[in-house]
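Here is a briefing on a two-chain protein model. Please look over the sequence and coordinates before reading on.

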Amino acid sequence: MEKLKVSNVTKIYGNNTDKAMEMVLKGEDNEQIRAKTKQVVGVREASFSVEEGESFVIMGLSGSGKSTLLRCINQLIKPTAGHIYLDGQDLTKVSSQELIEIRRKRMGMVFQRFALLPNRTILENVGYGLEVQGIARKVRTEQAKKALHMVGLKGWEDYYPHNLSGGMQQRVGIARALATNPDILLMDEPFSALDPLIRQDMQDELLEIQKKLHKTIIFITHDLDEALKIGDRIALMKDARIVQIGEPEDILLSPASDYVARFVENVNRSKALTASSVMVKPRSVVYPKDGPRAALRIMEVHGISSVFVVDRKGALIGYVRAEDAAEAAEKGQRELDGIIQNDVPTAFDDTPLSELLDVLAYTKVPVAVIDEEKILKGVLVRGSVIAGLAGERRDWDE
Amino acid sequence: MNNIPRIPLAKWTDMAIDWLTVNYQNTTQAISDVLKGAIVGLQDFLISIPPELVIIVVALIAWWLAGKRIALFSLVGLAFIYNIQLWNETMQTIAMVIAAVSLCIIIGVPLGILTAKNMTAHRIITPILDFMQTLPAFVYLLPAIPFFGLGVVPAVITTLIFAMPPIIRLTDLGIKQVPEELVELGKSFGSTFFQMLFKIELPLARPTILAGINQCIMLSLSMVVIAAMIGAKGLGGVVWTAIQNLKMGMGFEAGVAIVIIAIILDRITQNLGKTN
Ligand SMILES: Nc1ncnc2c1ncn2[C@@H]1O[C@H](COP(=O)(O)OP(=O)(O)OP(=O)(O)O)[C@@H](O)[C@H]1O
Ligand SMILES: [Mg+2]
């Protein structure tokens, strides 16, 4: 179900936006608009929609308009043009009273620099959202404690923010956003201020929490690795525009522009790529009823030293080596039974390449990519894997 | 330049004051009566407490807020004032300072909030504050008399004018200094205007506002002394009499008492913001 829809949102900073808006509509570029009207375009004509329970990542370099776009969603920034729909309701049109209600009950925000109130205890910080709703202290404390527990900070209730490390402070920030049980979490570079290792822990933890709670998350980052890890889909921003929206692999494998491609260049591809994105089609397979001669022939034709054996439905049985097939052929065997090897290295479609590199390094046979029913979907050969890691995509033949 | 007629600013001012006196004297007299009752009441109350008790309580407060050394200083300093028989005058002065500072806080903090929140208010009030702070006090000391008569009331009113600007400025500053992210935090969780103010902005601005109050207290003390010229009595009154009669020793004693009070008040209020 569609939870949030951002429709043609433009935000122009300045006090005389009409002329600049006209120029945006005419498609003139930001620099020209700034030179002519002294107005700064923060976001231009951004549209996307987010499904309930989806993690939607907005990524881009500094100044590309990510924070502006995020703040348009909860109306901390009023868009100059365009609409934001939450469950079909246009937030640009609601009264300020309604807006307060929506912010209280349905949206939680997590900030880059944590934004904890230094004069309040951890528990009081987590309870802030409940407090402004006027919820009784007892209920508030209970709910805040539950949220703290969820982020692994049980026992820290009565400390102050300055007693906690950065990673712990951001857990408090997340607990605070969860405490009001909102539908949507808005996270503006929540892990950017943390050390790389802590950062990875926090990412894992967010994924854990998300598995349990199924929130709709809008997550901002300028780090592609992080985007790939967190995002069900990713929107890439450049110069105030969204230049591409897609699933992590779409972005990696078919970058829509040079800009995206350059962004993608630096990523650690083995983490992002899954087996299915670099596998090749299993053209050459044999069936158990095929004889050793047929198998040998196929291997000769394709110039390979072993071949997969599948059953009628296409489920993987094993593989046959060229030398075994040759021996069996000499002995006059008519079937492959007896020479089929079962120790095939396998992977599922969504196994990350990073987990397969070891196997790929020592295996003499290609890795078979299968689904739950053991149906052979594809084959990983070293060439295609390396090409995938190098960022190219070709139709490789074995 | 010579053929431009002289601008009669003095005459206009006189006319304005006359007009205000004629039209508003009833109002200002009414205010004056209320204030006078309160201030004199406070003075009498302070004088009625046994000095030994005041000395011990102040020393304890100083100990709690500013440490042992200031506590000891308060003990010795106040005992000295008691000994040189300036106790009642000191209490009168302190009552006026308390009255002036209370009014400064009651009026100044909301004005500071207003200027922090409203650009137009900021543009109007800032130049007025500059004017209030730089205009020599003597210039408005005298015009206060037709409105409020002689004595403690015009003294407190002129002190108000002199000592309020830092509270307004520092409240404004304190609120504007609240980090943008914390303001966003408040708004994004659905805080109303007053929730923002009382749960986020004022608590975070507290140390800055307290610094403003500290400055206000020091300015009040100096002004209350000057206001002895229009009959405010207290330690300033002693200084004033001493000057008029060329009694150096008496003037010096009162001066030392003022310094002692100033140091105690300063050290205690300086540390208000640091506790918690
Ligand atoms: N209050 C403002 N007034 C004027 N221009 C602004 C304002 N806030 C942001 N901008 C401009 O709008 C553009 C987008 O800013 P934004 O903060 O949304 O970028 P960002 O992608 O979040 O960057 P970062 O990664 O540095 O946080 C920038 O050019 C910025 O200078
Ligand atoms: Mg940003």
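Contact here means heavy atoms within 4.5 Å. The model is predicted: local features need pLDDT of at least 70, side-chain atom pairs count only at pLDDT 80 or more, and totals for chains, interfaces and linings use all residues. Residues are numbered from 1 along each chain as its sequence is written, chains are lettered from A and ligands numbered from 1 in the order in which they are written, and side-chain values use heavy atoms, with hydrogens and water left out.

**Chain B overall**

- Chain B holds twelve helices and zero strands. Helices (H or I, at least four residues) and strands (E, at least two) are DSSP runs, numbered from the N terminus.
- Along the principal axes, the C-alpha atoms of chain B fill a box of roughly 65 × 60 × 40 Å.
- Chain B has 276 residues, and 46% of them count as buried. Buried means under 20% relative accessible area, exposed over 50%, and partly exposed in between (1.4 Å probe, protein chains only).
- Take the contacts in chain B between residues at least 6 apart in sequence: 79% of them join residues at least 24 apart.
- The accessible surface of chain B is about 14,400 Å², and carbon and sulfur atoms account for 70% of it. The areas come from the Shrake-Rupley method with a 1.4 Å probe; for residues, only the protein chains shown count as cover.
- Chain B carries 16 positive and 14 negative side chains, and the centres of the two sets lie 3 Å apart. Lys and Arg count as positive and Asp and Glu as negative; His and the chain ends are not counted. Each charge is placed at NZ of Lys, CZ of Arg, CG of Asp or CD of Glu.

**Interface between chain B and chain A**

- Chain B and chain A bury about 1,800 Å² between them, with carbon and sulfur atoms giving 61%. Buried area is the accessible area (1.4 Å probe) that two parts lose on being put together, summed over both.
- In chain B, the residues losing the most area to chain A are B:Glu181, B:Phe189 and B:Lys199, together 38% of what that side buries.
- The contact takes 16 residues from chain B and 24 residues from chain A.

**Helix 9 of chain B**

- Helix 9 (residues 180-188) of chain B is largely enclosed by the rest of the structure, because seven of its nine residues are buried.
- Those buried residues are B:Glu181, B:Leu182, B:Val183, B:Glu184, B:Leu185, B:Gly186 and B:Ser188.
- Their packing partners in chain A are helix 3 (66-73), helix 4 (96-105), strand 6 (107-110), helix 6 (128-132) and helix 8 (166-179). Helix 10 of chain B also packs against them.
- B:Gly190 follows helix 9 of chain B and has a positive phi, near 80°.

**Helix 8 of chain B**

- B:Thr159 lies in helix 8 (residues 152-176) of chain B. B:Thr159 is buried, at 0% relative accessible area.
- Not counting residues up to four places away in sequence, B:Thr159 touches B:Ala100, B:Met164, B:Ser220, B:Met223 and B:Val224.
- B:Arg169 is also in helix 8 of chain B, but is partly exposed at 28%.
- With residues up to four places away in sequence left out, B:Arg169 touches B:Thr126, B:Leu129, B:Asp130 and B:Gln133.
- B:Arg169 and B:Trp240 are 71 residues apart in sequence and 32 Å apart in space, C-alpha to C-alpha.

**Helix 12 of chain B**

- B:Gln270 is in helix 12 (residues 248-270) of chain B, and is partly exposed at 38% relative accessibility.
- B:Gln270 and B:Ile213 are 57 residues apart in sequence, with their C-alpha atoms 9.0 Å apart in space.

**Positive phi outside glycine**

- B:Lys233 is not a glycine, yet its phi is positive, near 60°. B:Lys233 sits in the loop between helix 10 (193-226) and helix 11 (234-244) of chain B, and is exposed at 57% relative accessibility.
- A:Asp87 has a positive phi of about 45° and is not a glycine either. A:Asp87 sits in the loop between strand 4 (81-86) and strand 5 (89-90) of chain A, and is partly exposed at 34% relative accessibility.

**Chain A**

- Chain A is assigned domain 1 (2-106 + 182-267) and domain 2 (276-390). The bounds come from an automatic or database domain assignment.
- The C-alpha centres of domain 1 and domain 2 of chain A lie 44 Å apart.
- A:Thr10 is in strand 1 (residues 2-13) of chain A, and is buried at 0% relative accessibility.
- Leaving aside neighbours within four places in sequence, the contacts of A:Thr10 include A:Met21, A:Val24, A:Val43 and A:Arg44.
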